Each structure stands twice: as C-alpha cells, then as structure tokens.
Amino acid sequence: MSGSEQCGDPGGAVRRDASGPVGMTPLSPVGRLAATVDRLSREVRAAQAEAEGRALVELAKGILVARLGCGPAEAARQLAELAEQSRATPLEFAVDVINQAARDRMSEVTAAFLAATAAVRATPPEDGAEGVRGADAGEAAAGSAAVRLRAAESGALAADDTQAVADALLGQALRPLGAVAVAIWAAGHDGSLTLVGSAGFPPAEAARWRYVPPDVATVARCGLTERSGQWFASLAQTGLPSVGRHQYPDGGRVAVPAGTGGRIHGVLEIAWPAPLDPQPPQVVRQVEALAELCAHTLESYTPPRDPGQGPRVVPDAVELMDLADGLHDPALVLVPHLDAAGHLADFRIQHVNNRFMDPAGRPRAVVGGALLLEAYPMAAGDSELFQNVERVYATGEPFRARHMNLTALVDQVPLSAVADISVSRHGNAVLLIWRIEDETARLASLLQHAQRLGRIGGFEENLLTGEITWNGQLFDLYGRPHTSTPVPLEELAAHAHPDDAVAIGRFLRTLLHRRRPASAAFRLRRPDGVTRHVRVVAEPVLDTDDRLLLVRGACQDISAQHWTEVALAATRDQLAQTEQQAVERARLTLQLQHAIMPPAQTPLRVPDLQVAVRYRPAETEQLVGGDWYDAVMLPSGRVLLCVGDVAGHGIEAATSMVVLRNALRGLAVTGAGPGQLLSWLNIVAHHLTGGVTATAVCGLYDPARRTLRWARAGHLPPVLVRGPGAAPLPLVRGMLLGAVAEAAYEEAEAELAAGDTLLMYTDGLIERRDRPVEEALTQLLSTVRPTPNTLDQHLDRLLTHSRSDTDDDTCLVGIRVG
C-alpha cells in the first residue's frame with residue numbers, strides 16, 4: 001500500500017467502499033474515467049522514460065564490451081559495480097560513459113567500420129562465394145567488432161520476436177563477416193530443437209526445418225550437446241544435415257550454444273557460402289556475445305501450442321514439489337544457484353519428499369535447503385552426479401542410470417551407496433529421483449541367492465570396502481562364534497587341508513580374475529579339530545562399468561556325500577584292464593614328475609639372499625608336461641638358477657625333462673658360464689634325447705658381487721622388480737635347445753641391489769589363447785607390483801593372480817636380495 005493511501009487514516013489504512021475512500025466525496029463516472037486516463041498517461045510516460053534509459057544503459061554496456069573485451073553479462077556487472085563505487089545510479093553512470101565515448105575515438109571507429117563494410121561489398125566474389133572475405137579482410141572487420149556488436153545489440157533489444165532478432169544479427173553484425181544466413185534454435189525440455197528465427201534461408205527451406213526431434217544428429221545439436229562453440233570449415237566434411245545444406249553444401253558453419261546462468265536455451269547457427277578459414281579471436285568472441293544476446297530473447301520464448309490442445313504449461317518449482325510428494329520413490333527438487341557473475345555454481349535442494357532417505361542417515365530437514373555440493377561434496381567426483389544434473393539442466397535431455405555409486409561425506413567420513421538415478425528438467429527446476437539399496441534389500445537378495453544356489457551358509461564380500469557378511473549357519477559350519485571376524489576369501493587356504501591348496505587357488509583365479517562363477521571342494525579344518533568336507537560355490541557381481549564389486553556365495557557341508565563318493569570310487573577300480581592301464585600310466589607319469597619336480601622345495605641357505613620355487617602341474621593329468629626348474633648352490637659358491645620347458649606332453653616329455661635337468665646340474669659343476677652351459681645342453685638335447693626341443697633360461701648368481709650372469713635359449717627373459725617398478729631384463733640372443741647340432745648363446749650381466757626381486761618362469765604362468773605374449777607379459781608386470789613382505793607370499797600371489805588359460809604346467813623361481 002502506497003504512502004498516499006496510508007496518510008489520513010490514524011489506523012494506518014483507509015477503508016474503501018465501492019465508490020471510493022470512506023469519508024470522501026464519491027467520484028462521478030466522468031471523474032473516474034478522467035482519473036483512469038490520467039493514471040494511464042503517467043504509466044505510458046514512465047514506460048517511455050524507462051525504455052529510453054534502458055537503451056542508454058545497453059549502449060553503455062556495449063562500450064564496456066568493446067573496451068574490456070568481455071561479454072554482455074560481464075559488462076552489465078561491471079557497469080553496476082562502477083556505478084555503485086561512483087555513488088551514481090546506473091542510468092547516470094551510463095550517460096557519463098556514453099559522453100566520454102563521444103569525446104574519444106568513437107567517430108574514428110565508426111568510420112573504420114563503414115569503410116571496411118564498403119570495401120567488402122565492393123570486392124568481387126571469387127568462385128561464386130559472394131561476401132566471403134580473405135584473411136586480411138577478416139582481420140580488418142574484426143577490428144570493428146565492437147561497433148557491429150553495439151549495432152546488433154541495439155537491433156536485438158528493439159526486436160519484438162526471435163525472427164526480428166535473426167534479421168538484426170544478420171544485417172548488422174554477420175554480413176560484414178561474410179555470413180549469408182543465420183538460424184536461431186530453441187531447445188525443448190526433451191532435447192528437441194525448434195527453428196524460432198532465421199534470416200538468409202529460403203522460406204520453404206526454413207519451414208522444412210521448423211522442428212528437429214530429440215537425438216537427431218545435426219550441426220545445431222553439436223552445439224547443444226558439446227556445450228561449446230563448434231566451428232566447421234565445411235558443412236560437407238561434417239556429414240551432418242542442417243538447414244540450407246542444399247544452398248550452401250560446401251560452406252562453413254558455426255553452432256554456438258545460447259545460454260545464461262548455466263542453462264542452454266538454444267543454439268545460434270551461422271552459415272557461410274564457402275569454406276571457412278580459421279577466424280581471429282575477436283570474431284570468435286563477437287559470435288559468442290551474439291549467442292548470449294539470443295539467449296536473453298529465448299528465455300522468454302514460449303513454444304506455440306498445437307490447434308485443438310490446451311495451453312502449454314511449464315511447471316515451476318512449486319508444482320514440481322507437489323509432483324515429488326506424489327512419487328513412491330525418494331526425490332529431490334533442485335533449483336539453480338548462480339554466482340555473482342551469473343554463472344551456474346551449484347544447485348539448491350529446494351525440496352525433499354517424505355520417501356527420501358539420506359545415504360548418511362541425516363534428517364530431511366538438514367538436507368532440504370542446502371546446496372547440492374555442500375550436502376554431498378563428493379558427488380562431483382567419483383559418481384559424476386553433479387555433472388549429469390548440470391548437463392540435464394543445460395540441455396533438457398533426461399538422464400537415467402542403474403546401480404550408480406553415490407558418495408556422501410559426513411564428519412570427514414566417506415559413506416557409499418548404490419542407487420538407481422533419474423534426472424529430468426521441468427521448467428527452471430530439476431527433479432532428481434534415486435532409489436538406494438538399503439540393508440534390508442541386500443539381506444533379502446542374499447537370501448534369494450542362497451536358495452537359488454542350494455547352500456546352507458551364505459556369505460557376501462565387498463571387494464571395494466572389505467566388508468564381509470556371514471549368516472549364522474556359516475559361523476556354525478566353520479565352528480566359530482558368531483562374534484568372531486569372518487574369514488576373507490583370500491585366506492581360505494589357511495583354514496583348509498594343505499593338499500587342497502591347488503584346488504582353492506583355481507577357485508580364486510576363476511572367481512576373482514576371470515570373473516566367472518566357480519566352485520571347489522576342500523577339507524575344512526575347524527578350530528575344534530574336526531575336519532569337514534565342504535563345497536564352496538560363489539559368483540561375482542559387476543557394476544555398470546564392468547568392475548568387480550561384490551562376491552556372493554555359499555558353503556555347504558558335503559561330508560556325507562564325500563564318503564559316498566569314496567565308496568563309489570572303490571567300485572570304479574574294477575573297470576576294464578585297458579582303462580586301468582591308461583590311468584596307471586598317467587598316474588605314474590604324474591608321480592614321476594612330482595618326485596623330480598615337487599611343487600616346493602627346501603629353500604637354499606644363502607647369506608643375504610632369499611630363494612623360493614613353485615611348481616604348478618597341469619590341470620589335466622593327460623597333459624603332463626616337461627616344465628622344470630632348478631635352484632642349487634654350486635661348489636664355487638655361486639647359485640645356479642634355471643627354468644625350462646620341453647616341447648610336448650606325456651611320459652616322453654617328462655623323461656626328456658629329467659635328462660636335461662640332470663645334465664645341466666652336472667655341467668654346472670665345471671664352473672662354465674651360462675652361455676657355455678646352454679651350448680652343451682643344446683648338444684645333449686639334439687643328440688642324446690631323441691631330438692627333442694626345449695626352451696630354457698640359465699643364470700649364475702654371485703652372492704659376493706650381487707651380480708647375475710644369464711643366458712636364454714628361446715625362453716622369456718627374467719623379470720626384475722625394483723622398488724615400485726618392474727621390467728624384463730634386456731633380451732639376449734639365443735635359439736631354442738635341440739634345433740641345430742651346435743649353437744652359441746649370448747650372455748648378459750645384471751647387478752642387483754638390496755630389496756630387488758628377480759623372477760624366472762615358464763610360459764604356463766602368463767600364456768593365454770586369446771592374447772599375444774607381449775600383452776600377457778605386460779599384465780604380469782602390473783601383477784608383480786607391489787612387492788609383498790616375503791618372497792613366498794610374492795610367488796603364491798603370482799600363481800593366484802595368473803590369468804593363463806592354456807592348462808599348461810608352470811614353474812616359478814624367485815630370488816630376493818637382502
């Protein structure tokens with residue numbers, strides 16, 4: 001209520017009836033009409049004065065754009081700050097800026113602009129490219145970019161619709177740049193594009209491009225989705241359709257997003273008749289400023305409604321809050337939060353519905369009203385939640401995702417959750433819906449998996465956080481109290497019989513590294529001394545990025561089934577004699593191999609040196625191979641280290657392996673170097689073993705000098721692990737054993753330092769059917785880091801993490817310098 005209405009009434013207000021204020025003479029109809037005419041006249045004069053003042057302010061903004069090299073929004077902010085500092089109104093300060101510009105080089109700049117424009121128009125077009133300027137003309141016109149921008153801004157402000165804006169931009173700012181057409185696109189809330197203004201294109205062509213549905217790739221959509229100016233030298237090179245492609249098929253195109261406050265309202269598209277050369281920065285900034293002018297026009301654009309339909313209503317934040325309260329899923333209503341420069345800085349959580357559950361367990365009142373990045377400061381990091389909300393607000397295209405990781409930070413403690421996300425824009429607000437998996441849902445899912453797999457004791461292990469969940473039956477099966485700590489999968493072998501370590505290792509490799517469901521049977525040794533036969537069944541759970549997230553599984557007591565299988569195995573011993581002979585042959589071969597090549601041997605006693613070996617036989621008994629290793633102290637004080645692989649499988653390969661291994665041991669006593677030893681071993685392979693072929697690597701380590709002298713015969717080089725890095729030793733020449741009667745082998749020497757680890761291995765550790773050896777070796781180098789505390793743990797981890805799938809033997813020799 002105005003002051004004139006309040007004065008005269010002691011109570012602070014004037015009571016009125018139908019004819020006027022109480023206590024005053026009622027106005028006649030003619031008097032009321034005269035008062036109305038007088039009031040309307042005053043309002044018209046005030047509106048005219050305000051329009052004239054606004055034009056002066058806009059002209060002053062254009063002067064600041066030219067002098068400061070900034071956009072219209074930044075110029076408006078600078079004008080307001082300078083006016084406040086000078087203690088003048090924005091209109092008074094704008095008049096001072098204009099008067100100052102009138103006394104400086106304004107007339108000279110205007111004359112230069114007119115001269116450049118006349119020169120461009122007078123220049124004959126080349127190759128039919130009317131109005132396309134060369135580099136010199138472009139630089140000359142760029143110098144008058146400020147004048148064109150002021151003229152275009154004045155024309156845009158005077159325009160009453162987007163079509164008039166397009167005409168003003170083309171006629172007053174873009175034709176001097178050589179452009180021949182311009183299109184202004186409005187972005188719909190669903191990602192569609194509507195041509196709301198164009199100039200330079202034939203009317204029929206503009207009518208054909210009135211509406212572009214969502215997800216249709218065009219030049220304008222590139223500017224909308226990329227959210228940065230897209231400059232194309234030629235439309236034909238892009239392969240994208242656009243308005244006017246038949247008139248200017250080889251012309252240049254520019255698509256610049258038109259947005260304010262972080263929201264893109266549309267796209268400004270400009271067409272040239274011929275290929276476009278790279279433009280100077282002044283022209284680029286001018287085009288971006290023109291796009292910002294279009295954004296202010298598009299802010300108030302309302303799509304026309306179709307005939308026969310009701311009025312189109314864009315819901316605001318209040319209506320969106322009512323919509324969120326009616327949803328059965330947790331939802332938040334977000335509104336943009338701009339900084340002092342008018343740029344999008346964050347989103348404010350305007351409202352949370354009653355079903356909302358905070359991942360950190362905070363009340364809804366704490367979350368509501370806060371900024372999104374204040375409530376969830378890590379949302380802009382791992383999960384990219386903020387970037388997706390920002391993109392939806394800018395482009396209007398909705399976003400959907402399943403099983404997205406959400407991260408909250410409460411009291412400096414990160415809390416993670418997995419949720420299904422839906423983000424959509426409604427008017428000037430954003431609706432964010434998420435459905436978080438709570439503890440009850442996870443336990444219910446665990447029970448369902450337990451029933452599907454037919455297990456008794458169920459478990460779930462989160463490989464990201466290390467959290468392990470057991471049910472009560474699994475604690476009983478292990479003979480452990482329910483308050484004890486569950487056993488991780490990687491420590492399963494420590495609670496099993498030693499003879500079952502190989503089976504457990506295969507189970508872990510299949511589950512954790514090949515990411516496939518796996519099962520294994522082993523003998524569980526409980527703390528009370530009871531041994532139970534257990535079968536473990538598990539499967540991996542991957543997230544949307546195909547990363548291993550969880551492992552779910554079950555352990556079942558199969559002791560009764562095991563003893564039944566033992567009884568059946570006794571009956572199978574009565575099979576036919578031919579089958580028995582084959583089985584006996586395979587068994588004897590495997591026993592022979594294990595007798596000579598035990599999976600592990602007693603470590604050598606060498607000062608300041610750890611030596612460990614591992615042997616993993618083939619997973620199929622019929623594929624008994626010829627892999628061999630040796631690590632022995634020589635009379636000279638040096639240590640012989642070698643691994644080899646005889647071609648083929650079966651008893652022949654095993655016997656040839658025995659010959660080569662024993663021959664190398666005997667030859668090493670002579671004190672010869674590794675190259676000479678391989679030369680002699682080549683003669684043995686060629687003449688004394690029936691012409692077999694084999695690969696080998698042989699090294700002699702001198703503990704006193706901490707040096708390793710080594711040679712190779714067609715084998716993979718040793719791997720040196722030093723600090724955080726790992727790399728193979730430089731390759732030396734040497735062909736495989738047994739290929740020719742005589743061969744020479746090159747030697748190399750490597751100096752080892754304290755803490756270094758050297759690994760020799762056969763190809764069964766890394767070989768894969770679907771990968772080249774180089775790629776498999778690269779994977780091994782990433783696996784050997786970081787180095788565990790003990791050498792034995794290092795070798796065990798390499799065997800567990802091995803991704804080989806050729807079912808071949810594996811030998812592994814490692815030394816670590818103390």
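## Cysteines

A disulfide is counted where two cysteine sulfur atoms lie within 2.5 Å of each other. In this predicted model, the structure holds zero disulfides. For C642, the closest cysteine sulfur is that of C698, and because the separation is 5.6 Å, the two are too far apart for a bond.

Two of the cysteines can also be described by their accessibility. C642 has a relative accessibility of 1% and therefore counts as buried, and C555, at 4% relative accessibility, counts as buried as well.

## The pairing of α22 and α23

Helix α22, which spans residues 651-668, and helix α23, which spans residues 674-688, have axes that come within 10 Å and cross at roughly 140 degrees. The crossing of α22 and α23 is right-handed.

On the α22 side, the contact is made by V659, L660, A663, L664, L667 and A668, while α23 contributes L677, W680, L681, V684 and A685.

## Helix α16 and the residue after it

Helix α16, formed by residues 385-395, is mostly covered, with eight of its eleven residues buried. The buried residues of α16 are L385, F386, N388 and V389, together with V392, Y393, A394 and T395.

Just after α16 comes G396, whose phi angle is positive, at about 85 degrees.

Key: Residues are numbered from 1 along each chain as its sequence is written. This is a predicted model: local features need pLDDT of at least 70, side-chain atom pairs count only at pLDDT 80 or more; totals for chains, interfaces and linings use all residues. Side-chain values use heavy atoms; hydrogens and water are left out. Buried means under 20% relative accessible area, exposed over 50%, partly exposed in between (1.4 Å probe, protein chains only). Axes are lines fitted to C-alpha atoms, for helices over the stretch in contact, and angles run from 0 to 180 degrees between N-to-C directions. Helices (H or I, at least four residues) and strands (E, at least two) are DSSP runs, numbered from the N terminus. A crossing is left-handed if the near helix is turned anticlockwise from the far one by less than a right angle, and right-handed if clockwise. Contact means heavy atoms within 4.5 Å.
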